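Thanks for coming. I will go through one structure this morning, starting with its surface and ending with its pocket. Please have a look at it first.

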Amino acid sequence: MPFPLAERITYLAYDPDIAPAEGGLPGLSVLKNVVNSINLFGIVAVVGALAVSLAVWAWGHHSGGHQAEANGKKGAVVAAGAALGLGAANGIVAFFSVLGSQVH
């Protein structure tokens, strides 16, 4: 004799029927403002890191310091990658969220 409770638990193990819902909890707008501020702070920090890295790269190149030049190049590439990640964070999360919602 099948147990309806056992069947429901088995069904929930395969399909919990959970989806993001905006407005479900209070404070969502505050959290969005905090995350936006953190993202802005990160972008400002990356601009500073890029400026310092480019200055080290130029100083190393003109002074013959090959190690400083290489470190400046690495810093510039890392700062550019961080700017790319910060700028694309919203799109990356949205892309994978939509991709994940298509998995059945």
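The protein chain exposes about 8600 Å², and carbon and sulfur atoms supply 72% of that area. Accessible areas here come from the Shrake-Rupley method with a 1.4 Å probe, and for residues only the protein chains shown count as cover. Before going on, note that this is a predicted model, in which local features need pLDDT of at least 70, side-chain atom pairs count only at pLDDT 80 or more, and totals for chains, interfaces and linings use all residues. Residues are numbered from 1 along each chain as its sequence is written, and side-chain values use heavy atoms, with hydrogens and water left out.

How much of the chain counts as buried? Of its 104 residues, 9% do. Buried means under 20% relative accessible area, exposed means over 50%, and partly exposed is in between, with a 1.4 Å probe and protein chains only.

Now the fold. Helices (H or I, at least four residues) and strands (E, at least two) are DSSP runs, numbered from the N terminus.

Alanine 51 is in helix H2 and is partly exposed, at 48% relative accessible area. From alanine 51 to alanine 79 there are 28 residues in sequence and 9.2 Å in space, C-alpha to C-alpha. Histidine 61 also belongs to helix H2; its relative accessible area is 49%, so histidine 61 is partly exposed. Glycine 72 is 11 residues from histidine 61 in sequence, and their C-alpha atoms are 9.4 Å apart.

In helix H3 we find leucine 84, which counts as exposed because its relative accessibility is 62%.

How many salt bridges does a search of the whole structure find? It finds one. A salt bridge here is a side-chain nitrogen of Lys or Arg within 4 Å of a carboxyl oxygen of Asp or Glu. The partners are glutamate 69 and lysine 73, at 3.8 Å, N to O. They are four residues apart in helix H3, which means a separation of about one helical turn. Glutamate 69 is buried, at 14% relative accessible area, whereas lysine 73 is partly exposed, at 37%.

Further along there is a nonpolar patch on the surface, formed by Ile92, Phe95, Phe96 and Leu99, with about 410 Å² of accessible area together. Phenylalanine 96 lies in helix H3. Patches are made of residues with over 30% relative accessible area and no salt bridge, where like charges are joined within 9 Å and nonpolar side chains (Val, Leu, Ile, Met, Phe, Trp, Tyr) within 5 Å.

The largest pocket has a volume of about 260 Å³. Its lining is made up of Val35, Asn36, Asn39, Leu86, Ala89, Asn90, Val93 and Ala94. Helix H2 (28-63) and helix H3 (66-101) are the elements that give two or more residues to this lining, and H3 supplies the largest share, five residues. By type, the lining has five nonpolar residues, three polar and no charged. A pocket is an open set of points on a 1 Å grid over the protein atoms alone, where a 1.4 Å probe fits, with protein on both sides within 12 Å along at least five of seven lines; lining residues have an atom within 4 Å of a point. Points are joined across faces, edges and corners, and the volume is the space filled by probe spheres set on them. Ala, Val, Leu, Ile, Met, Phe, Trp, Tyr, Cys and Pro count as nonpolar, Asp, Glu, Lys and Arg as charged, and the others as polar.
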